Amino acid sequence: MSNAIIYISPNEPPEPWRKALIPCLPEVDFERDFHVWPDDMDGLDDPQSVDIAIVWRPDQGALKHFVNLKAVINLGAGVDAILADKTYPRGVPLVRMVDPALTRHMSEFVVHRVLHFHRKFHTYEQMQRDRDWEELPQDDTLEKRVGIMGLGNLGRDAARHLAPFGFRLAGWSRTEKNIDGIDSFHGQDGLAAFLGRTDILVCLLPLTAQTEGIINRRTLAQLPKGAYIINAGRGPQINEPDLLVAIDGGHLAGAALDVFCDEPLPGDSPMWDHPKILVTPHVASLSSAKSAARDIAENIRRIRRGETPENVVDSGAGY
Ligand code: NDP
Ligand code: OXD
């Protein structure tokens, strides 16, 4: 009996992934051995033949039907939606996405948002609407302090792209780091000092039990008055009512949010038309089948040879 691949994603169509994977896995018969949950299960005589699941936000409980899985390959960097599934087969290695295009596009998002706030484009946009011709004071980049929460693949690359502008960079991570040009803080003990020196806070953390609600009334108060927040990690890392209070009360100058507690952001959310909040629909960086297929294929071969795949999630840490 041959091994089969199951694709599980209620929202992400399988076609781009199937198309990109076919040339990278010439040894796989995609007609026979690539199936899509739950629509294309007819040719799959025995779910026990499935050894690989390729998933993005899979339906809760779907994975438990495949009892011989050797790995679950996630089509994104964040694995919170998978680990939230109580029926996830815990012993099965979970592989997350680390991909140059995903990283590059996130850095573009971060650089754009940081420059947007640093150069006060949000205010100039409002001024254009008001036909208001006026010069605002221009802050010196060399004095602007950007702080990045999460110094993983995405956080480090964002810092690398911000560095040439001359920003004063700092990062906060779980474990200690020593990275040239980045003032590094770590752990709960380092958080207050990190926030206290940060004018523009960029959140690129994974969602775990430790990071849920980490940006809240108490930690927001530790940012200097007039700070900005950019969140492209996960929505539940920010306590949204606390954020609105901090912005409306004048402590924070604004926020750029790509991720939200409730996605899609409900139509009646006050964030949609808040003058100091920029909203994007979880698009800071979209996974690219074209870019990621080769590494996914190589990981599938590794798994089938009995080797450890690259980028396995530490299920204890949750990322
Ligand atoms: P990594 O696993 O490479 O990096 C995670 C970083 O967060 C590490 O530096 C880690 O610290 C730090 N971290 C984790 N937990 C804590 C904690 N409790 N306290 C302090 N620091 C912590 O992840 P990526 O950089 O690849 O991705 C980060 C997240 O970005 C994803 O999990 C996902 O949620 C989000 N994302 C969002 C996208 C979007 O379009 N909006 C697209 C892609 C990803 P340490 O280095 O010490 O381990
Ligand atoms: C991811 C995402 O985690 O797109 O990759 O949110």
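This is a predicted model: local features need pLDDT of at least 70, side-chain atom pairs count only at pLDDT 80 or more; totals for chains, interfaces and linings use all residues.
Me: How many residues of domain 1 are in contact with domain 2?
Reply: 12 residues of domain 1, against eight residues of domain 2.

Me: And what area do domain 1 and domain 2 bury between them?
Reply: About 800 Å². Carbon and sulfur atoms account for 50% of it.

Me: How many salt bridges are counted between domain 1 and domain 2?
Reply: One salt bridge. The side chains of Arg-234 and Asp-80 meet in a salt bridge, 2.9 Å from N to O.

Me: How many residue pairs are in polar contact across that interface?
Reply: Four residue pairs, both partners at pLDDT 80 or more. On the side of domain 1 that touches domain 2, the residues split into four nonpolar, four polar and four charged.

Me: New topic. What does the salt bridge count come to?
Reply: 13 salt bridges by the rule used.

Me: Where do Arg-18 and Glu-15 lie?
Reply: Both are in helix H1, residues 15-21. They sit three residues apart, about one turn of the helix.

Me: Is Arg-18 buried or exposed?
Reply: Arg-18 counts as buried, because its relative accessibility is 19% and the cut-off is under 20%. Glu-15 is partly exposed at 42%.

Me: What about Arg-304 and Asp-51, what do their side chains meet in?
Reply: A salt bridge, 2.8 Å from N to O. Arg-304 is in helix H10 (residues 289-304) and Asp-51 in strand S3 (residues 50-55), so the pair ties together parts 253 residues apart in sequence. Asp-51 is buried at 2% relative accessible area. Arg-304 is partly exposed at 28%.

Me: And where are Asp-139 and Lys-120?
Reply: Their side chains meet in a salt bridge at 3.2 Å, N to O. Asp-139 is in the loop between helix H5 (121-129) and strand S6 (145-149), and Lys-120 is in the loop between H4 and H5. The two are 19 residues apart. Asp-139 is partly exposed at 33%, while Lys-120 is buried at 18%.

Me: Which residues do salt bridges with shared partners join into one network?
Reply: Glu-27, Glu-298, Arg-301, Arg-305 and Glu-307.

Me: Switching to Leu-223. Where is it found?
Reply: In the loop between helix H8 (217-222) and strand S10 (227-231). Leu-223 is buried, with a relative accessible area of 3%.

Me: What does Leu-223 touch, not counting residues up to four places away?
Reply: Leu-195, Thr-198, Leu-201, Ile-229, His-251 and Leu-252.

Me: And Leu-195, where is its place?
Reply: Helix H7, residues 187-196. Leu-195 is buried at 2% relative accessibility. Beyond its neighbours within four places, Leu-195 has contacts including Thr-219, Gln-222 and Pro-224.

Me: Last one. Which helix is His-116 found in?
Reply: Helix H4, residues 100-118. His-116 counts as buried at 6% relative accessibility. A polar atom of the His-116 side chain lies 3.4 Å from the backbone nitrogen of His-122. Leaving aside neighbours within four places, His-116 is in contact with Phe-121, His-122, Glu-125 and Leu-278.

Definitions and conventions. Residues are numbered from 1 along each chain as its sequence is written. Chains are lettered from A and ligands numbered from 1 in the order in which they are written. Side-chain values use heavy atoms; hydrogens and water are left out. Helices (H or I, at least four residues) and strands (E, at least two) are DSSP runs, numbered from the N terminus. Buried means under 20% relative accessible area, exposed over 50%, partly exposed in between (1.4 Å probe, protein chains only). Contact means heavy atoms within 4.5 Å. Buried area is the accessible area (1.4 Å probe) that two parts lose on being put together, summed over both. A salt bridge is a side-chain nitrogen of Lys or Arg within 4 Å of a carboxyl oxygen of Asp or Glu. A polar contact is a pair of N or O atoms within 3.5 Å; within protein, one must be able to donate a hydrogen and the other to accept it, and residues adjacent in sequence count only if both atoms are side-chain atoms. Ala, Val, Leu, Ile, Met, Phe, Trp, Tyr, Cys and Pro count as nonpolar, Asp, Glu, Lys and Arg as charged, and the others, Gly among them, as polar.
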